[in-house]
Amino acid sequence: MPSWIRAVILPLSGLLLSLPAAADVKARSCSEVRQAYGAKGFSLADIPYQEIAGEHLRICPQEYTCCTTEMEDKLSQQSKLEFENLVEETSHFVRTTFVSRHKKFDEFFRELLENAEKSLNDMFVRTYGMLYMQNSEVFQDLFTELKRYYTGGNVNLEEMLNDFWARLLERMFQLINPQYQFSEDYLECVSKYTDQLKPFGDVPRKLKIQVTRAFIAARTFVQGLTVGREVANRVSKVSPTPGCIRALMKMLYCPYCRGLPSVRPCNNYCLNVMKGCLANQADLDTEWNLFIDAMLLVAERLEGPFNIESVMDPIDVKISEAIMNMQENSMQVSAKVFQGCGQPKPAPALRSARSAPENFNTRFRPYNPEERPTTAAGTSLDRLVTDIKEKLKLSKKVWSALPYAICKDESVTAGTSNEEECWNGHSKARYLPEIMNDGLTNQINNPEVEVDITRPDTFIRQQIMALRVMTNKLKNAYNGNDVNFQDTSDESSGSGSGSGCMDDVCPTEFEFVTTEAPAVDPDRREEESSGAQLSYSLVSWPLVGVVLALQRRYR
C-alpha cells in the first residue's frame, strides 16, 4: 500500500475508533447529578464531571458511577435524616392530636374545679354569711383534695368524701347545739354515725357515686391523653438500624450514583424498605388500637353518666341541700347522738344564751345560668368529647399505616401509576418482588432490609407495656373503678376509689347501734331528748325561703 494512502487511512481509522468513545463520554456525563447534588447543599468538589469506575462503592451497584466514596457516605447520612423527618412529618397528626387535646381537657377540668369552688363560696357567703366563713376550711379542703386527686395525688375519693361529711356533721352538730360544749372525743363519736344517722339525707351517697365515677373517668382520660402523647412523641423519633440506612441509601440516592437523579423509587419497592425499617413500630399497632378503643369507651362515659361537668356544676346546690336536710332533722339527729354518745356538758351561760350567729344571712337568690362563669375557652365537655372522639378514630392503625403514608408521598416515590419508569434498586424498571406483610416477624424474607426478627426493639416494647397498663386503667375507669386503689377484699366491688355501686344501687347502710359509741358523762343520760328539743327551738333558722329557692334551682 502506497505510503500516502496509509497516511490517509490511519488517521481516518483513528478518528472512527474515537467516535464511539466520544459518544460514550457524552452519555456518561454527571452534569445532571452535579446539579441535583449541589441543590442538596453539598460541595461540588466531591463529584466528578463524568462517570468513574464504581469498585469503591459499598451500597450502590459497583458499575460506572457519578458517586465517590465521600458522596456515598454523605448521601447515606442524608437518606437517614430524610427518613427520620418523613416519619415525624407523617406522624404529625397523631402527635398534635394528643398534645393539643391533652392541653384542652386539662385546662377545662382545672378551670371547672376552680369555677365550682368559686360558685360554692359565693353561694354560701350569700346564704349563710359569717356562719359559712367561720367554717369555710371544711369546703376548701374538699376542693383541695379533689384537685389533688385530679392532678395525680394519692387520694382515695371515697374515704376523702366520707371524711368531708363527717367533719361537716361535727361542725353542724355544734352549731345546732350551741347550749352544749363538746370535747374532741365526743365529736369523734358523733362523726362515727354519719352513715347510720343519715343526717344529710341521701345526698352524700348519691354525690359519692357521682363524684367518684366522674373524677375517675376524667383523671384517667387525661392520663390516657398524656400516655398517648408520650408514646406518639417517642415512637415518631426513630433510630434506623445500619441495615435500614443501607436500604434507604440504595432506594433514595443510588439513582444519583447511576446518573438518574430525577428517577424516583417504585412504590412497592418503597413499601418493602419502609416495612423493614418500621417493623417494630408496626408491632405497636395492636396495643395502640386497644388503647384507642378504651379511650373511646371512657369518652362515651364522659358524655353520659360520668360527666364531671354535670356533677361539679350543681355541687354547691347539692351540698346546700344536704345542710338543709341536717337542719330540718337536727332534733332527731341530736337525740340519737345523745343516746349513742352520752349527754354532753352544758356550755357556759353566755354561749348557751345565743341561738344562731347574729349576722346569719337568710337572704338567698339562686344564680341564673348566665351568671355562672364559663369554663375553659367557653366550651363544654360534650363539645370537647365529640371532637376528641373523631380524632381518636382517625388515629387507629396509625403505626402500621406509616409505610403506606410515606410511600404515597409524591416527593418520595414515582407513585402507583408509574411502575415501569421507576427505580427498583438496580435500574429504571418495574419492581418485581412481592410486598411484605406488617410487623417484625413478617420481615424474615424482606428482600430490601436486613431485619433480625429475633431481637425486638426494647424501646418499642416499653411503649407497648405503657399502653397496656393505661388500657387496663381505662377499662377500670369505664366501670367506675380506680385501679390505683384496688381493694383486695372479697366484699367490695374491687376498688377503693370506685363507686362500688352501679346504677345508683348500693348495699344498705349499717343499722344504728348505740353500743358502738363510747359513753360520755353517763350521769347526764337522763336528760336525753329534752336537750335536743331545746337545741332545735334555740336554733330555729328561717329556712322556708331558702329550701324553696334551692328546690326550684335543683329541679
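# Reading the terms in a predicted structure

Q: In which helix is the place of Q78?
A: Q78 has its place in helix α3, which covers residues 69-90, where a helix is a DSSP run of H or I with at least four residues and a strand is a run of E with at least two, both numbered from the N terminus. Residues are numbered from 1 along each chain as its sequence is written, and side-chain values use heavy atoms, with hydrogens and water left out. The model is predicted, so local features need a pLDDT of at least 70 and side-chain atom pairs count only at pLDDT 80 or more, while totals for chains, interfaces and linings use all residues.

Q: Why is Q78 called buried?
A: A residue is buried under 20% relative accessible area, exposed over 50% and partly exposed in between, using a 1.4 Å probe and the protein chains only. The relative accessible area of Q78 is 18%, and therefore Q78 is buried.

Q: With which residues is Q78 in contact, leaving aside its neighbours within four places in sequence?
A: Contact means heavy atoms within 4.5 Å, and beyond those neighbours Q78 is in contact with K40, F42 and Y253. K40 lies 38 residues from Q78 along the chain, and the C-alpha atoms of the two are separated by 9.0 Å.

Q: Is V317 counted as buried or exposed?
A: V317, which has its place in helix α17, has a relative accessibility of 2%, and so V317 counts as buried. The C-alpha atoms of V317 and S119 are 9.6 Å apart in space, although the two residues are 198 residues apart in sequence.

Q: What makes helix α13 largely enclosed by the rest of the structure?
A: Helix α13 (residues 267-277) has eleven residues and ten of them are buried, which is why this helix is largely enclosed by the rest of the structure. Among the buried residues are N267, Y269, C270 and L271, and what covers the buried residues of α13 includes α3, α11 (242-252), α14 and α21 (402-407).

Q: Is K198 buried or partly exposed?
A: K198 has a relative accessible area of 34%, and therefore counts as partly exposed. This residue lies in the loop between α9 (194-197) and α10.

Q: Is K397 counted as buried or exposed?
A: With a relative accessibility of 53%, K397 counts as exposed, because exposed residues are over 50%. The place of K397 is in the loop between α20 (381-394) and α21.

Q: What is the phi of K198, which is not a glycine?
A: K198 has a positive phi of about 50° although it is not a glycine, and K397, also not a glycine, has a positive phi of about 60°. Most residues other than glycine have a negative phi.

Q: How do you know that the reach of helix α22 is close to what is expected?
A: The expected span of a helix is 1.5 Å times one less than its number of residues. Helix α22 (residues 458-478) has 21 residues and reaches 30 Å from its first C-alpha to its last, which is close to the expected 30 Å. The buried residues of α22, including I460, Q463 and I464, pack against α10 (203-235), α14 (279-283) and α15 (285-303). Just after α22, G480 takes a positive phi of about 85°.

Q: What volume does the largest cavity have, and what makes a cavity?
A: On a 1 Å grid over the protein atoms alone, a cavity is a set of points where a 1.4 Å probe fits but cannot get out, whereas a pocket is an open set with protein on both sides within 12 Å along at least five of seven lines; lining residues have an atom within 4 Å of a point. The structure holds five cavities of 30 Å³ or more, and the largest cavity has a volume of about 130 Å³, a volume being the space filled by probe spheres set on the points, which are joined across faces, edges and corners. The largest cavity is lined by 13 residues, of which L131, F139, M172, L175 and I323 lie nearest its centre, and α7 (157-176) gives the most to this lining, with four residues.

Q: Which residues lie nearest the centre of the second largest pocket?
A: S239, T241, N280, R455 and D457 lie nearest the centre of the second largest pocket, which is lined by 24 residues and has a volume of about 500 Å³. Helix α14 gives the most to the lining of this pocket, with three residues.
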